[in-house]
Structure formats: structure tokens, C-alpha cells
Amino acid sequence: MAGEMGPSHSDSEAVTEDTIAGHPVLENISSEPGIVEVELTASKERISLVPGIETDVYAYNGRVPGPLLEASEGDSVIIHFKNNLPEKTTVHWHGIHLPFVMDGSPFHPVEPGETFTYTFRIHEGTAGTYWYHPHPHHHTAWQVGMGLYGGIIIRDPDDPLPDTLTEHLLILSDNRFDEDGEIEFAEPGSRQERVDDMNGREGDVLFVNDGIMPELSIQSGETQRWRIVNASGARIYRLALDGHTFTHIGSDGGLFERPKEVDEIILSNGERAELLVHGTGDPGSEITLQDLPYDRYMPMFRPSNWDEKNDLLTLRYTDESSVQEPFEMPESLRKIPELNVDDVTETRVMRMSNGKINSKTMDMNRVDETAELGATEIWDIRNLVGMDHPFHLHGFQFQVIDRNGEPVSQRKWEDTVNVPGFESARFIVRYDNYPGKWMFHCHILDHEDQGMMGVLEVK
Ligand code: C2O
Ligand code: CU
Ligand code: CU
């Protein structure tokens, strides 16, 4: 259950492991209040992803996904990172507002055998669900595909939701394996390689955390809090729960102002969602969380089974009904400061075509956009082609103001916005606190690696 288990320093540490929201947690080695200090090592390991089969993977602290990083607003986070991989890597703290040198972008690789200490302070108002993953130039899809990704929960000491709610963090990913059980990447020059280049690499084995079709339980009448991360390199999820609605309560940058009742949620690569799931079913029954068909493809490259739904996990009702007090939804979750269009000093147009942004591919020695620290600007993201491209900006959370010219009424913080084929979206952003060179890119990792990325320099 959320927040009840702090780091343990008992002798039995080797056998019992702390878990939060269903995840093993990075142990806080600091005893000072307000400091979260952890050790994170990336290494090559041989572990079992698919039951009964051993696979060569890249892992954080020996696990896929990596252990959960948990901190609270106001905390100082110190991560002692060691790269034991046979190649360079970085750790990128996707969505977290932090200094440029701590962003783990391709500008700051950590060489094999080297260490780097990431330190940053968690800003007030940023409680939410985030994740970490490598971001080495041209090798992100490969390293994430090999198993490097993990969840982050940032807590608000004054969270409006009761901490008695059972909490689950669901990290969604997919992968594919060859006959020997090894993670499979397309052969150079193969047709599969062309498909992966275009669609991004998808796999037919769908994981929720470290399991395939894991089972969660709920009591009839109970409300649970779910946090979901799309850590897939290319798959976009359209999530639905058999005959149940979700109360959508948050996005990339934390809680909404007001909850919203929805039947399904589309979660593109890198995005997060916070939900409440209400146990409206009967004791003893079970339902399935599904990934419904979602057509994000160019017609020529659309997989033949794109219109099949995939099962992700089973939610089983226990035999007894909940004895919990029925949950009362607060009317307001929090206040999100509005970024004001009257303050906007510049509009930047991003034209996304396949593999390129504004007709350019990524060049580490080029700055594509220059902006002033503290400025408020609009980004106008236009997708010129017939497949989805989820657009991600490092360093700063933004607010989408319209899609295809239609105003978006719900104010929320996001760092990734999916732009379906031939559509457009505009967001407003303010470059607070941190100068530096910030990446923006398509979060289909193969597209990012192909160079569908650019650099915004804030100074
Ligand atoms: Cu999650 Cu630049 O990435
Ligand atoms: Cu990022
Ligand atoms: Cu893309």
C-alpha cells in the first residue's frame, strides 16, 4: 500500500524487499530527512522475462523494469549511477524539471565502467508519475528494448486523495524474442528492419511490469489508484477495462484540476496516466485490462493484426466485498497555474515528417531553436504525414491549448503530446529555472534514433 513502507534497514534485507505500488524500490541510503540517495547500476544480465526462459538483457540493479524511484516534493535526490554495460549510456529522468547536466540527454554520456552522480531537487507542484530510461545518441531504442526503463513516483505531502487507497504502478512495455528466447532485433537489411524503422519496433509479448498477463485483485466496492506508464518503444495503448469506466485524474505532470470519467485512455510513448478504478463488479468475478485496436500506422506498414485487441492483465474480485468506507471523490484535485497566452513572445512551428522535424535530422553540433530563460512561448506541432508521432520536450512541462484549432478546455501538465497523422496540436510552455540545451523529439524511439529530434537552447 502506498507510502506505508519506508526503507528497511533490518538484517533480513537480503530476503525481504520493500515494495511500493507493486514494485521493488530503490533503497534510500540516506537517513537525513529530505534526502533520497540511491544507487543505480546498469549492467548486462541473464534473467527470465518470459517464464521458464533465460534471456540476455540490460537491467537496472539486475531487474527489468528497474526498481522504483520514490521521492516527495521538496526532496533532494541523489542517484549514484554506475555504467557496467559494454557501451555508453545515460539515465534520463523523463518529465522531471531539473538542471540540464542532470537530464541524462545525449549531451552527457556515461562511458562503460564510469560513474555519474545525478542530483536534483524535486520542485513543489510536480508530484506525479514519471520514468527513467537511457538516452544515448542513436541507441535509445536498443537499450530500452534490452530492458532499461523504470518508474518514478513523486509524492505530494498534501495529496488530495486518501493514502488508504491501494495503489498500483503499471509499467507497460512490449518485446519480441527469437527461438532461443533472446530479445530479437531486426536483421540489418531485412524487411522487418524497414517495418521497424517506419512503425518503430513493436513486440508481440506484452508486459505489465515484470509479468505477462499478471493478476491484480480488487474488492467489490473498493476504489484503487492506478498509475500507468507507457514505456514501449513504439506501441501506443488504447486502454479499457471491460464494462468499467476509469476516473482519469492525472497526466504526465501530475493530477488534473478535476477528475474526468472516461471509457478508455490513449497512452502514447512516454506518456503517463493516473486513474481511479472503481470495483463495481461482483465478488468472485474477473475482468481484463485490454489494449484495444488503435491505428497509428501508415497504410502500407499497418500490421495485419493491428485490429486485434490484446489482454494486458486480469483484475480479479475477491470473494468478499470491501469494508472500506465508500470513497468520496474530491471535487477539486488541485489548482494548476494557467500559462497565459498574453505572455507569449514567440510561436515555434514544428513540422514533423517521417524521420525529420522541420526537414532536419538531429545534429548534436547544431542548435535548432534558441529561447530566453523565463520566456513563455507556444509550440505549434504539425504532423505532415499519415502516422502518429508523439512529440516530447525535455526539461519543461507544458499545457496543450488546442488540437486541430479546437481549444482544449481541460488544463493539465504534459511533457509528451501525441499528434495523430495529419493533425496538429499547440502547447504553451514557460522555460523556468534551467538554461541549457533541451532535446525535443518524437518518442517513438526508433524515430528518435533516426534523428527525429532537435535541440532547444534556453539561455
Ligand atoms: Cu523519454 Cu528524450 O525522452
Ligand atoms: Cu524526456
Ligand atoms: Cu515518430
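The model is a predicted one. Two copper ions are treated here: ligand 2 is coordinated by His92 and His392, and ligand 3 has His389, Cys442 and His447 as its protein donors. Across the whole structure, a search finds 19 aromatic pairs.

**Copper ion (ligand 2)**

- The NE2 atoms of His92 and His392 coordinate this copper ion at 1.9 Å.
- Histidine 92 belongs to strand 7 (residues 92–94) and histidine 392 to strand 26 (residues 389–393), so that the pair links distant parts of the chain, 300 residues apart.
- Histidine 92 counts as buried at 1% relative accessibility, and histidine 392 counts as buried at 0%.

- Histidine 389 in strand 26 and histidine 447 in helix 3 (residues 445–450) link distant parts of the chain, 58 residues apart.
- Histidine 389 is buried, with a relative accessible area of 0%; histidine 447 also counts as buried, at 2%.

**Arginine 176**

- Arginine 176 lies in the loop between strand 11 (166–175) and helix 2 (191–199).
- Arginine 176 counts as buried because its relative accessible area is 8%, under the 20% cut-off.
- Its side chain makes a polar contact of 2.6 Å with the side chain of glutamate 184.
- A polar atom of the arginine 176 side chain also lies 3.0 Å from the backbone oxygen of glutamate 202.
- Beyond its neighbours within four places in sequence, arginine 176 is in contact with several residues, including Phe185, Gln192, Asp196 and Arg201.

**Aromatic residues**

- Phenylalanine 100 and tryptophan 438 form an edge-to-face pair, 6.0 Å centre to centre with 70° between the planes.
- Phenylalanine 100 is in the loop between strand 7 and strand 8 (115–121) and tryptophan 438 is in strand 31 (residues 436–442), so this pair ties together parts 338 residues apart in sequence.
- Tryptophan 142 and phenylalanine 185 form a tilted pair, 4.8 Å centre to centre with 55° between the planes.
- The charged end of arginine 201 sits over the ring of phenylalanine 185, 4.0 Å from its centre.
- One aromatic cluster is formed by Tyr60, Phe81, Trp93, Phe116, Tyr118, Phe120 and Tyr132.

How values were computed
Residues numbered from 1 in each chain as written. Chains lettered and ligands numbered in written order. Predicted model: local features only at pLDDT ≥ 70, side-chain atom pairs only at ≥ 80, totals over all residues. Heavy atoms only, no water. Helix = DSSP H or I, 4+ residues; strand = E, 2+ residues; numbered from the N terminus. Buried < 20%, exposed > 50% of the residue type's maximum accessible area, 1.4 Å probe, protein only. Polar contact = N/O pair within 3.5 Å; in protein donor to acceptor, adjacent residues only side chain to side chain. Contact = heavy atoms within 4.5 Å. Donors = N, O, S within 2.8 Å, 3.2 Å for Na, K, Ca; no water. Phe/Tyr/Trp six-rings, centres within 6.5 Å; stacked < 30°, edge-to-face > 60°. Lys NZ or Arg CZ within 6 Å of the ring centre and 35° of its normal.
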